[in-house]
Structures are given as C-alpha cells and as structure tokens.
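The following paragraphs go through a structure in two steps. They begin with the contact between its domains and then turn to individual charged pairs.

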Amino acid sequence: MRVHVTYTGGTIGMVDSPHGLVPGADLEGWLADLVDGTELGHGITLTALDPLIDSSNATPESWQAIIDGLRRHHAEDPEQAFVVLHGTDTMAYTSAALSYALTDLGAPVVITGSQLPLGFVGSDAAPNVTGALRAATSGRVDGVSLFFGHRVLAGNRATKTSSWAFKGFDSPNVAPLAMTGAPWQWSPRPEPGCGWADAEPYRRHDVVVIDLAPGITTARLRAMLTPLPDAVVLRAFGVGNVPSEEPGLTGLIEEVIGAGVAVVVASQCHEAEVLLGHYEAGDAIARAGAIGSRDMTLEATYAKVQFLLSQGLRGKELSAQMGRSIAGELTESRG
C-alpha cells in the first residue's frame, strides 16, 4: 500500500542552532533510509507545508491547509493512506479537527511527531514514524488516529499529557486502538459517529476557553466575556460543577446564553464525563441552557466548537450538535 506523508512542521524535522531548534533536517533522505528494504521502500511520497507551522502557532486555518492537502492527494490516488508529521504542542487539537472534517475521505490518516528531533541520539522519531506507517497500512484503522509512544489512539480522543516523556499522549476515556508488540494488540473498533458530509472549511472564530478556580468572581468572569465571543468553553470542576453560590455567576451564564452564545461546559479532569445537573452546583447552568461536553477531551471539545461554527451554527443549534457524535469523539447516551 502506498503512503503519502505530509510534513507540517514541528520538532521531528528540526536541527540545533545558536538560537535553539529550527527547521532544517533532511526529512526526505531520513525517511527513505528508514523504509529502505521494507515493503514500503518504494511506496512513500512526501510533501511539506509551505510555510511550515510551529504547532504552537497553529490556527483553524492551519488545520484547513492540512485538510486541503490531504484531499488533493487523495483525489490523485484514492488507494493511498496518509501520515501527517506534526508538532506535539497542539497535535491533539489538529487530530480532532481533522477527524470532523474528513469523515468522508475514505482513507486512514495517522498523525505523529516526536519529542526529540530525528537527528538526536535516542530520538523517538523513528519508532513513531514507523509505527504510524504501519498503522496507516494495517487495514485496521479508519478515520483519523494518532500514533505516539508505541500506541495508536483515536485522533479525537487523545490529549497531550507530558512535554518530555516518549509516552507523551494518552486517551483517558477510551482504550487505545492498538499497542505495538510482536504482534500488535488491537482493540475493537470504536463507534464511528454519524459523519458530516460536505463540510465547510475551517475559519477562525472567537472561542474563549475559561478555567474556573476557587474564588473566581462574577465581575472577573464578566470581564473575560466582554465583548461576547462566538462561543464559550467553560472548564468547570468534576462532572461540570460551578461555584453556584457566587452572587450573580449563574445569572451571568444565563445572560450569555440568552444573547445567543453557546456555553459548553467541560471538566478540568482528564478522566471525566460531564453530567450537568448531577449536583446542585451544576443544575442551575444546565437549566440556563449550558450543554455538557460529555467525555470529550478539551482538544476535541474546542475543535468541535470551531468546526460547528465553521458550518454556520450558533447558539442553540450549535449546542444541540455538541452531544451528537460526528467522528466517535464522545460516548453517546445508551438511554
């Protein structure tokens, strides 16, 4: 099977310089040496984004540039699989964003990168890239996945957990799709979601992410929401609890929702399912119209809000779509 590799930027292709790490590695030569003598020895092509993106500078427009490239190369050769090399800082945001926009692609996309540049002794670049290539050609993955630290994770279920460990990503609310070994150990395929046909391209929208903390005041929250954004992701405590006894706070959230701004409540816990109304501290904002993020990661939640805004949805229409699985990013209610 043929694989097209897209290099978007990131640590994997950097070299040392007097001013720190900068792009400059011979990625094409390194990749050719890596697969020389294997079944993929003559089946890999490589392109790079121009300009390359440090993932800490990525935006929804960057996600769209990757999507456009993948669709273009898929049109040229519908039988090939895809690997995307990406910086680790926002890799989980990109993998979630791609998963929503590419439900109709019909080809596996595996995203990977490394904690150390490919030219460093002991780098994790080679095992991550070879693992991603094997996952992409396995016939066992659909949609978008993320390979890192000897594991295949669903792309919209992954979150970065370490800035230094080679096992830098985790999938806190569902099991990994596979773990490397001899042989690889595969889990059952997850539910794919309902998909999204003819997705409009990503555009950058004003989505504010706010972490609540003990002692936050209504005045401070109001200041952070002025002027009103296009949508709000409110990272609350536990299963979606807010400081409901803070005078005016739940009223402010109700006011924001009444102005047509969707308020999506996520949890500050990596392992969580947001259940608004489970406690009194979350019931008031549920009655006001806030919607919980269920068991989505922050990255999947944020990317999904940006995706839905890019499809022209706002307010109640956007909120109604948040609980609907597009690409397997959440566990839908069994009830």
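Between domain 1 and domain 2 there is one salt bridge. This is a predicted model, and its domain assignment gives domain 1 as residues 3-186 and domain 2 as residues 207-323. The salt bridge joins the side chains of Arg 157 and Asp 295, with an N to O distance of 3.2 Å. Across the same interface of domain 1 and domain 2, five residue pairs are in polar contact, both partners being at pLDDT 80 or more.

Which elements supply two or more residues to the side of domain 1 that touches domain 2? They are α2 (60-76), α3 (91-101) and β9 (159-160). The largest share, six residues, comes from α3. Sorted by class, this side of domain 1 has 10 nonpolar, three polar and two charged residues.

The C-alpha centres of the two domains are 31 Å apart. In terms of contacts, 15 residues of domain 1 meet 14 residues of domain 2. The size of an interface is often given as the accessible area lost when the parts come together. For domain 1 and domain 2 the buried area is about 1,300 Å², and carbon and sulfur atoms give 61% of that area. On the domain 1 side, Tyr 93, Tyr 100 and Asn 173 lose the most area to domain 2, together accounting for 45% of what that side buries.

Side chains of opposite charge can pair when their charged atoms come close. The count for the model comes to 12 salt bridges. One of them pairs the side chains of Arg 2 and Asp 77 at 2.7 Å, N to O. Arg 2 is in the segment before β1 (3-7) and Asp 77 is in the loop between α2 and β5 (81-85), so this pair ties together parts that are 75 residues apart in sequence. Arg 2 has 41% relative accessibility and counts as partly exposed, whereas Asp 77, with 17%, is buried.

Another salt bridge is formed by Asp 170 and Arg 151, whose closest N and O atoms are 3.3 Å apart. This pair also links distant parts of the chain, with Asp 170 in strand β10 (residues 169-170) and Arg 151 in strand β8 (residues 151-154), 19 residues apart. Asp 170 is partly exposed at 29%, and Arg 151 is buried at 8% relative accessibility.

The pair Arg 287 and Asp 283 has its closest N and O atoms 2.8 Å apart. Both residues lie in helix α7 (residues 280-288), four residues apart, which is about one turn of the helix. Arg 287 counts as exposed at 65% relative accessibility, while Asp 283 is partly exposed at 26%.

Key:
Residues are numbered from 1 along each chain as its sequence is written. This is a predicted model: local features need pLDDT of at least 70, side-chain atom pairs count only at pLDDT 80 or more; totals for chains, interfaces and linings use all residues. Side-chain values use heavy atoms; hydrogens and water are left out. Domain bounds come from an automatic or database domain assignment. Contact means heavy atoms within 4.5 Å. Buried area is the accessible area (1.4 Å probe) that two parts lose on being put together, summed over both. A salt bridge is a side-chain nitrogen of Lys or Arg within 4 Å of a carboxyl oxygen of Asp or Glu. A polar contact is a pair of N or O atoms within 3.5 Å; within protein, one must be able to donate a hydrogen and the other to accept it, and residues adjacent in sequence count only if both atoms are side-chain atoms. Ala, Val, Leu, Ile, Met, Phe, Trp, Tyr, Cys and Pro count as nonpolar, Asp, Glu, Lys and Arg as charged, and the others, Gly among them, as polar. Buried means under 20% relative accessible area, exposed over 50%, partly exposed in between (1.4 Å probe, protein chains only).
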